[in-house]
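Trainee: I would like to learn how to read some side-chain and helix features in a model. Please take them one at a time.

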Amino acid sequence: MNLGGFCRNGRAPRGLFPPAFLLCGALFLASPSSLSAQTKNTCLDCHSQLDAPFRVDLAAFAQSIHAQKGVSCVTCHGGDSTSDDMSVAMSPAKGFKDFPAREQVPTFCAKCHADAAYMRSFNPSLRTDQYSQYLTSIHGQRLAKGDHQVAVCVDCHGVHDILPPNDSRARVYPTNVAETCGRCHANAEYMKPYNIPTNQLALYSTSVHRAALVDRGDLSAPTCSTCHGSHGAAPPGVASVVNVCSTCHVFQAQLFDSGPHKDVFKSLNLPGCVTCHSNHGIQHPTDALIGADKGAVCLQCHSAGDPGYETAAKIHARLVQLDTSIARSREILDRAGQAGVEVGPAQLDLNQAQDALTKARVAIHTVELESVDEDINAGLKVTDVTYKAGESALAEASYRRKGLVISLAISLLVLVGIALMIRKVESKQ
Amino acid sequence: MRIDSQENSRSLQNSGSREPAEPARRPFLELLLGSSIVASLISYLYPVIRYLIPPAQAELGPDLVVAAKIGELRPNSGKIFPFGGRPALLILTADGKYHALSAICTHLGCTVQYRPDLHEVWCPCHNGVYSIDGANISGPPPHPLEAFDVIVKGNDLYVQRPQNT
Amino acid sequence: MSAPGNIRNWLDQRFGWDELMAFLRHKTVPIHRFSYFYFLGGMTLFLFGIQVVTGILLLMYYRPVPDGAFESVQYIMTRVPFGWLIRSIHSWGANVMILTAIAHMFSVFFLKSYRKPRELTWLSGMILLFLVLGFGFSGYLLPWNMLSLFATKVGTNMTAQVPLIGHWILVFLRGGEDVTGATLTRFFGIHVAVLPGLATLLIGLHLLLVQRFGMSVPPSVEDETKAHPEKARELRFFPNFFLRELMAWYVALAVLGCLAAFKPWELGQKADLFASAPAGIRPEWYFMFMFQTLRFLPANVGPFAGDFIGVLVFGVAAVVWTCLPFFDNDRRGRSTRWFTGVGIFALAYFVGMTVYAYLGK
């Protein structure tokens, strides 16, 4: 482009000027970032230097989702960020609002975040129901009653350093949620007025869900908000626990519903899954959880002599039977493998038995022996075959050893023969 | 045994003169040595001959296997077949398209199956559901199933790992 | 006349059987305190024979294509009766053969058996040693597993350091710019056709030269026998020496059988050209000293790349070592002692670096 040249030598045809002008203007408008970089923000000039609570960390603010999307100080706080005069910049006449008191925070954020039309201009798929959800939550209800200790938006999301929830540094990123909730809920001193337990974080930290989420990195594994909701946080009621768990554990819930426990639990006002599995500190279930032995959860209700007790003992025995049978097959196959015989195919087959055991462990949610038996028998059929494969592999190993011994014995005989021959030949010479 | 044993330490000039061997010991020693050498050769040849006779089971296939015959699968059905020692799933959809997927659930490794009623791939262990392309749709599976190519050659359906180019 | 006598007569008339037997009868092996080292050459030859036999047997099932190589070796190891034995003996035998070949070379070096008129024997032997290492290098890739794929990548990459023709050698070896299925085909051809052909010719020459000049006697022993001729001792080659050699062969076979039965050679993971390199890739033990040296070298030595210096030094050393008899022909001068010192250093370096590479992780 050579507009400058045209302008300087003044020989450009007249007709060219209007489009050239328009082009310049369009370029100017099309680069808002370079524009805003030049626009001064007098708020930050001061507030980046001030001490808490007036301080704004420039770097953190620059990385926040608001700064990224071009939401600046005045968007929330009003005022005039171009004026060097503090009294002008922060004059109520320019729409300046002081930072909100705690109880004002939800409405302060909701001004934008509950405005569907406005939010759509940033991201059409963003939800805008957070505020209305918050009003239904325990947090929101208590805030309305004048309890200023409860969580408001900024307690979980931050203030000027808010990151989108899919940023792994965000306090509301799945792997960080438990710590974020725990900042209050694990603080016994802070939670004293509410008279509720504060061991949830400690329990959750030992749970299978945390292991899946943090150790295995499976972001679909649950954290606090998965069951309690985030903005509408509240404990799920007894009746709805099954629904919460079944969003992931669909199959187990279906089987539970088809069995006799469903109605009984309801009549006893027992929460479904939690009764056996606990809630925050759910451990990886073992076969010891079911049965009639010490440590089995069945004993909470059942006792010796009643039919449920018998069934629990039988189901436990069946699970253990298949588990032991798999272990036995695995052990013999490993032994054969170490002896140098290739047992890869049999080891693959054994996976089917493991599948059957996994299915049986799901089927126990019906608490009916027949449905468990079906999977157990299928698995036992497989382990029979793999165990036999292990036996024949060991037989092959011993066949190899025997063959070696025979060939070594013959070699030894040859060696002795040669030695004698040498001696004889040389005694003659 | 030492190489420089006393007997042979003499220089070889007089080695030409040979004395007749004792008749009793010689045949025995030669018989022992001869038969043991023959036995050792047999012990070496036996495995070699067994090795040369090809086993009945055909060779383990490469990354290209015959999964089924044309017409073996009814429309809207699936079949588990071994692919490189692991289970794989061949599907014929209701509208007549073949799909081949790894049958190992990406959640905990159970073997998945085709559900004609859902028109989807389903893992019985934890109710994981995949599309017929292998994409994980619902339930716990964290990743899609590996998809393979299906090739029709004559009367056979071959399944092949996708060729990287 | 008896039947065996007839056959012998027939053979004698056709190609001088009696003459051949007479040659064998008169062939002798000198006996002295270093005579045990005479077994090493014969042992290496025997193990080479084992490699030829088991190699031909493996060819019955092996397929040199990227989609079938690993599977065919797996098939040999799991399905073919005694396939595990044949393949394990081939793999173990290769390693033992390289060990005896290296030992043979060092024993010849220290006993100074390469002196006039045996320069060509040494020369042919050295070329045979390089061929044997080539067998090892090319055979390592054939099972087409991860370890061998990456060891081959690294190994062939080193040839690119050779000045001027380095890149050409690399492309020639790999059958392209990278290690691919084309490399497998190429290595297979080299392993089962090119190298065996060359090795057979050279072994023939090597043996011919050994027969022509007889066994060399070390200088120290030579001096002693000159002083006391009555102490010179010899052993008939046939049957005395041959029977002893035969015993050693039986022992060697028994050792290989034990190794195969108790520690069958591993199969590994099938090679994946697009996978990233697995941890712990390493060449076979006989290349370890070079591998370890290159690890020690800094990235740059003066204006040159460290690898280039390493390859250059090894290349020059190999050439000098091969041409040794032409430098060290002096019977007993200061220089010959100096060469012994160099040999001790070389042996210590080889052993030390190899041991260090395996222990000092």
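Trainee: What lies over the face of Phe172(C)?

Mentor: A charge sits over a ring if NZ of Lys or CZ of Arg is within 6 Å of the ring centre and within 35 degrees of the ring normal. Over the face of Phe172(C) lies Arg186(C), at 5.6 Å from the ring centre. In chain A, the ring of Phe108(A) has the charged end of Lys111(A) over it, 5.8 Å from its centre. This is a predicted model, in which local features need pLDDT of at least 70 and side-chain atom pairs count only at pLDDT 80 or more, while totals for chains, interfaces and linings use all residues; side-chain values use heavy atoms, with hydrogens and water left out. Residues are numbered from 1 along each chain as its sequence is written, with chains lettered from A and ligands numbered from 1 in the order in which they are written.

Trainee: How many aromatic pairs does the structure hold?

Mentor: A pair of aromatic rings is described by the distance of the centres and the angle of the planes. Rings of Phe, Tyr and Trp (its six-membered ring) pair if their centres lie within 6.5 Å; planes under 30 degrees apart count as stacked, over 60 as edge-to-face and the rest as tilted. Over all chains there are 37 aromatic pairs. In one of them, Phe256(A) and Phe265(A), the centres are 5.5 Å apart and the planes at 70°, so the pair is edge-to-face.

Trainee: Is Phe256(A) buried or exposed?

Mentor: Buried means under 20% relative accessible area, exposed over 50%, partly exposed in between (1.4 Å probe, protein chains only). Phe256(A) is at 12% relative accessibility and so counts as buried; Phe265(A), at 7%, also counts as buried.

Trainee: Why do Phe46(C) and Trp249(C) count as stacked?

Mentor: Their ring centres are 4.8 Å apart and the planes are at 10°, so the pair is stacked. Phe46(C) lies in helix H3 (residues 38–59) of chain C and Trp249(C) in helix H11 (residues 237–262) of chain C, so the pair ties together parts that are 203 residues apart in sequence. Helices (H or I, at least four residues) are DSSP runs, numbered from the N terminus. Phe46(C) counts as buried, at 16% relative accessibility.

Trainee: Which residues form one aromatic cluster in chain C?

Mentor: The cluster consists of Phe106(C), Phe109(C), Phe110(C), Tyr114(C), Trp122(C) and Trp321(C).

Technical notes:
Helices (H or I, at least four residues) and strands (E, at least two) are DSSP runs, numbered from the N terminus.
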